[in-house]
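Dear colleague,

Please find below the structure that I am handing over to you. My notes on what was found in it follow directly after.

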Amino acid sequence: MDKQYLQKKLNLPSSIKVNISKGVSGVWIADIPEYDIFTEVDNPLDIEDMVNDLLFVFFDVPKEFRQTIRYRPGESKRKIDMETHMIFQKFISSEVDRLYR
């Protein structure tokens, strides 16, 4: 799949700021204020997957493209503090294959 074709067809941002916080009930909240959307996870290790699922649904990414697009934190995974944010970078196709092999 051609990267430029995917970019034009889906019109996805190249990076997204995600605010991470721990809620009162103990769940982790990943908030994307630019689009006024959020998701919750019980385990902070699931944040990356849930952010991607949230973005795929919000931007109506067809299921056949979801395996070729991946948003990952721009910095290496680290302990998540109570109040922090991460910039998630977009990777397409061969980049995703390289990251997850």
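**An aromatic cluster**

Tyr35, Phe58 and Phe59 are linked into a cluster by ring pairs. Please bear in mind throughout that this is a predicted model. Three aromatic pairs are counted. One of them joins Tyr35 and Phe58, whose ring centres are 5.4 Å apart with 55° between the planes, a tilted arrangement. Tyr35 lies in the loop between strand 2 and strand 3, whereas Phe58 belongs to helix 2 (residues 47-58), so this pair ties together parts that are 23 residues apart in sequence. Tyr35 is partly exposed, at a relative accessible area of 22%. Phe58 is likewise described as partly exposed, its relative accessible area being 38%.

Tyr35 also pairs with Phe59: the centres are 5.2 Å apart and the planes stand at 80°, so the pair is edge-to-face. Phe59 is placed in the loop between helix 2 and strand 4 (69-73), and Tyr35 in the loop between strand 2 and strand 3, so here the parts tied together are 24 residues apart in sequence.

**The chain as a whole**

The secondary structure consists of three helices and five strands. In sequence order, these elements follow the pattern α-β-β-β-α-β-β-α. The protein chain has 101 residues, of which 38% are buried. Of the contacts between residues at least 6 apart in sequence, 46% join residues at least 24 apart.

**Strands 1 to 3**

Strand 1 (15-22) and strand 2 (residues 28-32) pair in the antiparallel sense, over four bridges. They form a hairpin with five residues between them, and Gly26 in the turn has a positive phi of about 100°. Lys22 has Trp28 of strand 2 as its bridge partner.

Strand 2 also pairs with strand 3, again in the antiparallel sense, over five bridges. Trp28 stands opposite Val41 in strand 3, and the bridge partner of Ile29 in strand 3 is Glu40. Four residues lie between the strands of this hairpin, and Asp36 takes a positive phi there, near 55°.

In a regular strand the side chains alternate between the two faces of the sheet. In strand 2, the covered face carries Trp28, Ala30 and Ile32, while Ile29 and Asp31 are on the uncovered one. Strand 3 (residues 37-41) has Ile37, Thr39 and Val41 on its covered face, and Phe38 and Glu40 on its uncovered face.

**Residues with positive phi**

Which residues other than glycine have a positive phi near 55°? Asp36 is one of them, with a phi near that value. Asp36 lies in the loop between strand 2 and strand 3, and at 69% relative accessibility it counts as exposed. Asn11, also not a glycine, has a positive phi of about 55°. Asn11 is located in the loop between helix 1 (3-10) and strand 1. Its relative accessible area is 57%, and Asn11 is therefore exposed, the cut-off being over 50%. Asn11 and Val61 are 50 residues apart in sequence, yet their C-alpha atoms are 9.8 Å apart in space.

Is Arg70 buried or exposed? Arg70, which is in strand 4, has a relative accessible area of 14% and is therefore buried, since the cut-off is under 20%. Its side chain makes a polar contact of 2.4 Å with the side chain of Asp49. A polar contact of 3.5 Å joins the side chains of Arg70 and Glu48.

With kind regards

Methods: Residues are numbered from 1 along each chain as its sequence is written. This is a predicted model: local features need pLDDT of at least 70, side-chain atom pairs count only at pLDDT 80 or more; totals for chains, interfaces and linings use all residues. Side-chain values use heavy atoms; hydrogens and water are left out. Buried means under 20% relative accessible area, exposed over 50%, partly exposed in between (1.4 Å probe, protein chains only). Helices (H or I, at least four residues) and strands (E, at least two) are DSSP runs, numbered from the N terminus. Two strands pair if DSSP finds at least two bridges between them. Rings of Phe, Tyr and Trp (its six-membered ring) pair if their centres lie within 6.5 Å; planes under 30 degrees apart count as stacked, over 60 as edge-to-face and the rest as tilted. Contact means heavy atoms within 4.5 Å. A polar contact is a pair of N or O atoms within 3.5 Å; within protein, one must be able to donate a hydrogen and the other to accept it, and residues adjacent in sequence count only if both atoms are side-chain atoms.
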